Amino acid sequence: MSIEQQKKEDPGLINKILHKTPTGITGLDEITGGGLPSGRPTLICGAAGSGKTLFSMEFIVRGALEFNEPGVFMAFEEKSEELTVNVASLGFDLDKLQKDKLVKLDHVHIERSEIEETGEYDLDGLFIRLGYAIDSIGAKRVVLDTIENLFSGLSNQLILRAELRRLFQWLKEKGVTAIITGEKGEGALTRQGLEEYVSDCVILLDHRVCNQISTRLLRIVKYRGSVHGTNEYPFLIDEEGISVLPVTALKLENNVSAERISSGIPSLDKMLEGKGFYRGSSILVSGTAGTGKTSIAAYFAHATCLRKERCVYFAFEESPPQIIRNMQSIGINLQEHIDDGLLQFHASRPTLNGLEMHLVSIHKVVNKFRPRTIILDPITNLITVGSVSEVKAMLIRLIDFLQTQQITVMFTALTLNNIVNEQTDEGVSSLVDAWLRVRDIEFNGERNRGMYVMKSRGMKHSNQVREFVISDEGLNLVSVYLGPEGVLTGSAREAQQLQEETGLILRTHAVSRKDLEIERKRKVLEAKIASLHEEFESLQDELNKSYVEEELKKEIIEKNREKLTKIRHHENNTATDNSSSE
Amino acid sequence: MHNDEHFHESNENGKNETFQYVLSLFVTGASPNSVRAIINLKQLCETHIKGKYSLEIIDVYQQGLTAEEEQIIALPLLIKRLPLPERRLIGDMSDTAKVLRGLGITY
């Protein structure tokens, strides 16, 4: 029998796979593939202020509220009342949870100066206390925060270590999922080497400050019997507790949509096969200062809301009222979309958070509001918090996340004309699906905006430079004039258009004049033809007349001769003489 | 096992409030440490403060809630309630000098 078969035929194997207890902490269960190991202790270590207590408290509270698993929180540092106040800001009502017998808080007070050690002892008191607490509410989860405080309260290290080993073993036997927190030590995960005893799962919390901006990071150092993400994952503590951000899906196998959505600018859609962008794609709008990037973004948001879809606008430069006011001047009213609950603004200075934090907060907003479109305006400002490569890494993750949710994203980026290596738009352009560039065309003493589609994956897009016109009526793209003098925009284009119109009128005028002349010539000729005709007729008449006269003459002569003949016959001689003499 | 009555019997001298020393010893059943602590403490008290003390022996196993109320971690634990200040001694009470110091007994 092969091993494969053996595996298949062993019904116990499924049961042998490590069970996991979901923490309920956003993102953590994804990283750990389901949560912390059930019925085993997990060590959470980190420096002071890295969020250990909050982390473990959230584990207890979420367990009680979401998974119906009551929990015991044994605090060695903070008093129960202090804890209650501290986590009330997260919306956790510990008093109520305690009353409902879902949570049990126990503060362990231990003070070396009050205790005299007089010989052999053990920690049975702690065991009994914990056991009593667990049994009183039927707890499935236990937190010991921070058990290392025992080391400062009691001096006999040998006893303590032996007892701790016994404690963790005892917790396993109790079948509770436990979190033990520990302060980070020099060169070791914890000061007292707790990792020696808790070897199933170790999570390290870190709090790093770089460029005066702090980032909280979480890393799973080990997780026996389970696959887990090994990266450092940024996490955020806010009014809703902890959210951890799974960095990236490792595979590129996102679903794609063939659905097209309008950019909100009909003439721009026309450049994109007349249909607009793909849903779920990422669009970059880059350009120099004042080229109307925000306007394009606002139009896109407007179009999204008109389709009755939700949109989130992350502004890193302007405040929402400022954007709303400015956009009113080009004919779109964003306020009404906000009132309808379709549009949300999230404005923050880039320096408020580290990049990771921005990403986490975007995640949170997206998961909560479920928009179909989001706008980041502008991503260039994020450079102030991180380097280009960091921004790029963040955007990769963001795009990745949004694609899985089929959310269309539009970034705007400021291009600086000269500094090449500082350009975010170049950096991220390979990530995006469509790239629109707006640039200044300076000509003839004025500045005009030209726009073109640098790339647009999966569609036949226009290769034309269009003039991008912002007016009271909104945005429009106008075909630029391409003439012998090059590309003409703005007033030069209009002048050219006028010139062309004049030319047209002149030409029509000239044509009509020629027509008249032809007509006149024709008439002249016709007149000439008529007169010739008359002449011909008169000539003919003349000829006819002489012909008739000749006839008459002939007739008369004939008659005369006959008469003469008659006369001669009558008077022969005279007649003959007369005739001979003539 | 050990309870209040048991220890009051062993204490022949007068009423509770007149005792100079009021002691509570917390133990866990009949564990070696507990047994040693009881024997050591009794012997010490009989030797140094005979008739001036009341001793209450409490089995924490029997009273789970006590552990939390009295902030008990390490056992055996002796709490000297009177005379003030309150003092806490842990261990099997084998270090007589320390116990005496902890109880504030000069010898």
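Tutor: A patch here is made of residues with over 30% relative accessible area and no salt bridge, like charges being joined within 9 Å. Asp and Glu count as negative, and a charge sits at CG of Asp or CD of Glu. Areas are Shrake-Rupley with a 1.4 Å probe. This is a predicted model, so local features need pLDDT of at least 70 and side-chain atom pairs 80 or more, while totals for chains, interfaces and linings use all residues. Residues are numbered from 1 along each chain, chains are lettered from A in the order written, and side-chain values use heavy atoms.

Student: OK, which residues form the negative surface patch?

Tutor: A:Glu81, A:Glu82, A:Asp93 and A:Asp95. A:Asp95 lies in helix H6 (residues 94-99) of chain A; helices are DSSP runs of H or I, at least four residues, and strands are E, at least two.

Student: And salt bridges, how many over all chains?

Tutor: The count is 28, taking a Lys or Arg side-chain nitrogen within 4 Å of an Asp or Glu carboxyl oxygen.

Student: What does A:Glu259 pair with?

Tutor: A:Arg279, with the closest N and O atoms 3.0 Å apart. A:Arg279 is buried at 4% relative accessibility, buried meaning under 20%, exposed over 50% and partly exposed in between. A:Glu259 is partly exposed at 40%.

Student: Which residues are linked with them in a network?

Tutor: A:Arg307 and A:Glu309 join A:Glu259 and A:Arg279 in a network of salt bridges.

Notes. Patch = residues over 30% accessible without salt bridge, like charges linked within 9 Å, V, L, I, M, F, W, Y side chains within 5 Å. Buried < 20%, exposed > 50% of the residue type's maximum accessible area, 1.4 Å probe, protein only.
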